[in-house]
Amino acid sequence: MAHVRVQEAPFDAGREIAALTEGRRDVGAVATFVGLVRDLNDGAAVSRMTLEHYPGMTERALEDICAQAAARWDLLDLRVVHRVGPLVPGDAIVLVAVSSAHRGEAFAACEFVMDFLKTRAPFWKKEETPGGERWVEARASDDEAAGRWVEGGEGRG
Amino acid sequence: MVTLLYFASLRERVDCAREQVALPPGTPTVATIVDTLRARDGRWSAAFAPGLAWRVAVNQSMADLATPLKPGDEVAFFPPVTGG
């Protein structure tokens, strides 16, 4: 069901959303998330970012995350597009779009896919700052965000 | 033989992206390979020092030290992920 893509090229969020609804009349809700490169991270100005990934495993991991979401909620379709390679502040990095009959499933599944993507999909960010290049460190808050789905809790923290 | 892949900061630390190593006889696991890597020079022992955060995947699925290995497996080592 899910459509997963890893690419260097920019994506068109509108086109991705349209692909979820084209030719069907059973979609009542589409929830989307778009993540972008910020010009500030951990107190340093970011001028450029390079995203590395593990070709093959990345796609498998994303498909697995989508399958978990589809098993958990009543969804009609999912799309995940993740960019790799060089990016600059303002660039979109990732898009998650989920369609369902009602908004509750779409909202929840969209957040679940992002939380799991951030902790389970093999991507790594390297930032260019005035102090030189640095690899972005994994955040404990991302593990906590993913963990709440496993523990069955719905609220943060 | 198994193929070893290294990604991101771990790849830079060991200055190696990909190599092939022989599997020792017996019932080798990821731990067997990690012990071999740690026994190399200081760069490798530092990169795989106990307590340092790294992850491992076998044949593109998340694994751990106890995961068994067989000839032809693809074993990837990398730091905690930071996509999205």
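Select helix H2 of chain A, residues 57–72, in this predicted model, and colour the buried positions, which are A:Met57, A:Thr58, A:Ala61, A:Leu62, A:Ile65, A:Cys66 and A:Ala69. An α-helix has 3.6 residues a turn, so residues three or four places apart point the same way. If you set a distance between the end C-alpha atoms of H2(A), the viewer should give 22 Å, which agrees with the 22 Å that 16 residues should span at 1.5 Å a residue.

Keep A:Ile65 selected and show what surrounds it. Leaving aside its neighbours within four places in sequence, A:Ile65 is in contact with A:Val113, A:Phe116, A:Leu117, A:Arg120 and A:Ala121. A:Ile65 also belongs to the largest nonpolar core, a set of 54 residues in which A:Ile65, A:Val96, A:Val98 and A:Val113 touch the most other members. The element that gives the most to this core is helix H3 of chain A, residues 103–120, with eight residues. In soluble globular proteins, nonpolar side chains tend to be buried together.

Which residues lie on the covered face, and which on the uncovered one? The covered face carries A:Met49, A:Leu51 and A:His53, whereas A:Arg48, A:Thr50 and A:Glu52 make up the uncovered face.

Now zoom out to the whole of chain A, which has four helices and 10 strands, arranged along the sequence in the pattern β-α-β-β-β-β-α-β-β-β-α-β-β-α. The radius of gyration of chain A is 16 Å, close to the 15 Å that the globule rule gives for 157 residues, so chain A is as compact as a globular protein of that length. Taken along the principal axes, its C-alpha atoms fill a box of roughly 50 × 35 × 25 Å. Of the 157 residues of chain A, 34% count as buried, and among its contacts with a separation of 6 or more, 77% come from residues 24 or more positions apart.

Turn to chain B, where there are three helices and five strands, following the pattern β-α-β-α-α-β-β-β when read along the sequence. Its radius of gyration is 12 Å, close to the 12 Å that the globule rule gives for 84 residues, so chain B is as compact as a globular protein of that length. The C-alpha trace of chain B spans about 35 × 30 × 20 Å along its principal axes. Of its 84 residues, 27% count as buried, and 54% of the contacts in chain B between residues at least 6 apart in sequence join residues at least 24 apart.

Finally, display both chains and select the residues where they meet: the contact takes 13 residues from chain B and 23 residues from chain A. On the side of chain B that touches chain A, the elements giving two or more residues are helix H1 (8–14) and strand E5 (74–78) of chain B.

How values were computed:
Residues are numbered from 1 along each chain as its sequence is written. Chains are lettered from A and ligands numbered from 1 in the order in which they are written. This is a predicted model: local features need pLDDT of at least 70, side-chain atom pairs count only at pLDDT 80 or more; totals for chains, interfaces and linings use all residues. Two residues are in contact if their C-beta atoms, placed from the backbone, lie within 7 Å. The radius of gyration is taken over C-alpha atoms; the globule rule is 2.2 Å times the number of residues to the power 0.38. A residue is buried if 20 or more other C-beta atoms lie within 10 Å of its own, exposed if 12 or fewer, and partly exposed in between; C-beta atoms are placed from the backbone. The expected span of a helix is 1.5 Å times one less than its number of residues. A nonpolar core is a set of buried Ala, Val, Leu, Ile, Met, Phe, Trp, Tyr and Cys residues joined through C-beta atoms within 7 Å.
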